[in-house]
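Look at the structure below alongside its sequence.

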Amino acid sequence: MRLARVLWHALSGWATRLVSGLHGAWRRSLQLRVVTITLVVSSLLVGGFAYLIADKITGILLENARTDVLERLKNGSDYASKQFNLYNRAEEAQLQDTIGGTVNYLAGGDPAQTSGVVVAIIEDNTNGVIAPRTSPEVEVRPLIGPELRASVAAGNVAHQIRTGVLGDQRTKYLVYGSPVPTQFGQLELYYLVPLARQDATAADARATVVATGTALVLLLGLLAALVTRLVVTPVRVAARTAQRLSAGLLDQRMVVNGEDDLALLAASFNQMATNLQRQILRLEEMSRLQRRFTSDVSHELRTPLTTVRMAADLIFAERDEFDPAVARSAELLQAELDRFEELLTDLLEISRFDAGFAMLDAEPTDLVPVVHRVTERLAGLAERVGVAIELDVPDPPVIAEVDPRRVERVLRNLVGNAVEHGEGKPVRITLGMDQSAVAITVRDHGVGLKPGEEKLVFNRFWRADPSRARQTGGTGLGLSISLEDARLHGGWLEAWGAPGQGAQFRLTLPARAGDRLTTSPLRLVPSDAPLPFGGPRDGGLLAIRPGAAGALAIGPSGAGAPATGSAEEAGRAEVVS
């Protein structure tokens with residue numbers, strides 16, 4: 001029993017793999033689909049045609065046999081009637097001899113034959129005067145059905161096809177019967193004609209038609225495969241060339257042969273590839289020049305900014321000796337210079353990211369002190385705007401292989417934005433960890449995010465409300481840099497928000513550098529956020545994380561990799577999106 005179960009599981013597994021392989025081949029190969037459809041359709045057409053032809057041939061052979069037997073039966077009936085009417089009931093002995101000779105004559109003159117046409121004369125209403133006679137002498141009654149005898153006894157010429165054994169083998173016979181009227185009563189004359197030759201001829205015809213149809217179907221399949229190959233091969237070449245182009249090999253081209261439609265396709269594809277290559281190179285050059293310009297301008301501004309900073313510091317230090325208007329101007333100058341320096345620093349950092357020069361300096365780091373340092377640095381700002389910062393961090397250390405400088409910068413940006421947009425309500429920072437990842441969420445209860453804003457929050461220089469005055473003097477690049485820092489770690493930076501319900505940002509990083517994230521230990525949608533019932537207008541959810549090729553995948557959470565750390569959160573995030 002156990003062996004049977006093992007064999008059954010093995011066979012079912014093999015069958016499943018076979019079906020899966022065939023399904024995959026069917027989906028991937030256009031040539032296979034075309035050839036298969038051609039074979040199926042041509043098989044149905046040729047099969048139907050072969051059936052009609054074979055049926056027609058069989059009908060013709062049977063009709064010829066019927067015509068021939070009916071003609072012989074008519075002549076034999078007339079001949080027997082003339083012979084039997086020469087005698088009366090008193091001449092029984094001569095009549096019996098005449099009947100036997102007549103039967104032998106009608107059968108072909110050889111009473112010893114054991115195959116071929118069988119002729120029989122059977123009594124009907126002669127009251128036993130005439131004994132049944134057959135030529136050759138075989139028992140024919142089993143092949144003459146009751147319906148046939150009843151029809152012949154009623155004076156009709158009738159026939160039927162019966163199968164039986166009269167000689168050495170079982171044979172199908174065409175049985176025709178006709179009444180023979182005489183002076184002493186009515187006799188029944190039967191012709192039993194074997195249909196073996198007709199069946200053999202019909203079988204040969206069917207075999208010929210089937211063989212011809214099979215050959216035709218195979219030729220059609222071969223023709224479809226050749227024609228499809230002529231069309232599919234250039235398409236496959238174009239697909240491979242397009243894949244190489246998408247991989248960055250911009251010099252790949254298709255070979256152009258001839259002047260037909262496929263050659264036109266190849267030439268058009270090559271022209272498109274050339275134009276794309278030219279455009280991409282031009283854009284790359286423009287991007288390189290732009291990055292170089294940004295970097296050069298940022299560096300060149302350092303020198304005059306240093307000079308202006310020294311002068312501004314001197315003026316700011318002596319502001320108490322100035323009149324109030326000049327003193328206020330010195331304070332504004334100092335604040336804007338601080339913001340200007342921060343902007344230059346962010347621009348240089350962005351240029352390093354754009355140029356691909358940003359490097360990760362990962363080391364085992366306890367994230368608990370990092371969270372506390374960020375909280376302490378922003379405590380003054382939070383106190384000025386009346387926002388309380390609440391911490392929910394574990395007592396034991398939370399160790400992860402990260403770049404502490406970049407993680408601290410991300411947290412500083414997230415907490416600073418939460419304080420700025422908190423509308424005087426508490427901001428909560430939560431730190432969590434599991435075996436594969438660490439996560440930090442920053443939750444505020446401010447204005448939140450309007451529908452569509454979750455797609456823009458990580459854009460450079462984007463502001464939710466352009467008329468809102470910045471309390472922190474931000475540059476508009478903080479979240480963009482934070483996103484790049486998260487990507488550099490191989491982590492996720494995700495945002496959730498809803499109007500009037502505040503917002504929550506979640507940073508998820510792998511516990512070991514280089515590992516791939518699958519889930520997060522913390523929820524993205526806060527537990528205190530009510531479930532929306534109005535669809536997207538009630539809230540938005542955006543998951544931004546590195547793609548497979550290092551690019552960023554931006555879209556609703558749940559459309560790609562899971563944006564939440566549990567099945568419950570995944571379901572909730574899907575509702576919010």
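Arg-328 is partly exposed, with a relative accessibility of 47%. Glu-331 is also partly exposed, at 32%.

The structure has 16 salt bridges. Side chains of opposite charge can pair when their charged atoms come close. One of the salt bridges joins the side chains of Lys-172 and Asp-199, with an N to O distance of 3.3 Å. This pair links distant parts of the chain, as Lys-172 is in strand β4 (residues 170-182) and Asp-199 is in helix α5, 27 residues apart. Lys-172 has a relative accessible area of 30%, so it counts as partly exposed. Asp-199 is partly exposed too, at 31%.

Another salt bridge connects Arg-373 and Glu-408, whose closest N and O atoms are 3.4 Å apart. Here again distant parts of the chain are linked: Arg-373 sits in helix α8 and Glu-408 in helix α10 (residues 404-420), 35 residues apart. Arg-373 is partly exposed, with a relative accessible area of 35%, whereas Glu-408 is buried, at 14%. A network of salt bridges also links Asp-403, Arg-406, Arg-409 and Asp-485.

Which residues of helix α8 are buried? In this helix, which covers residues 367-377, they are Leu-367, Val-368, Val-370, Val-371, Val-374 and Thr-375. These residues lie on the same side of α8, because they cover an arc of only 165° around the axis.

The face turned away from the buried side carries the exposed residues Glu-376 and Arg-377.

## Helix α5 and a nonpolar patch

A nonpolar patch on the surface is formed by Leu-216, Leu-220, Leu-223, Val-227, Leu-230, Val-231, Val-235 and Leu-265. Together they have about 670 Å² of accessible area. Helix α5 (residues 196-246) gives the most to this patch, with seven residues.

Leaving out residues up to four places away in sequence, Gln-198 touches Leu-61 and Ala-65.

## The chain as a whole

The protein chain has 12 helices and 14 strands. Of its 577 residues, 37% are buried. The chain exposes about 32300 Å², and carbon and sulfur atoms supply 58% of that area. Among contacts between residues at least 6 apart in sequence, 66% join residues at least 24 apart.

## Confidence in the model

The mean pLDDT of the chain is 77, and 81% of the residues reach 70 or more. Where pLDDT is low, the predicted coordinates should not be read in detail.

Over residues 110-115, pLDDT stays under 50, and the model has 10 contacts there beyond four places in sequence. Over residues 533-577, pLDDT also stays under 50, and the model has 107 such contacts for that stretch.

Conventions:
Residues are numbered from 1 along each chain as its sequence is written. This is a predicted model: local features need pLDDT of at least 70, side-chain atom pairs count only at pLDDT 80 or more; totals for chains, interfaces and linings use all residues. Side-chain values use heavy atoms; hydrogens and water are left out. Patches are made of residues with over 30% relative accessible area and no salt bridge: like charges are joined within 9 Å, nonpolar side chains (Val, Leu, Ile, Met, Phe, Trp, Tyr) within 5 Å. Accessible areas come from the Shrake-Rupley method with a 1.4 Å probe; for residues, only the protein chains shown count as cover. A salt bridge is a side-chain nitrogen of Lys or Arg within 4 Å of a carboxyl oxygen of Asp or Glu. Helices (H or I, at least four residues) and strands (E, at least two) are DSSP runs, numbered from the N terminus. pLDDT is the predictor's confidence in each residue, from 0 to 100. Contact means heavy atoms within 4.5 Å. Buried means under 20% relative accessible area, exposed over 50%, partly exposed in between (1.4 Å probe, protein chains only). The arc is that of the directions from the helix axis to the C-beta atoms.
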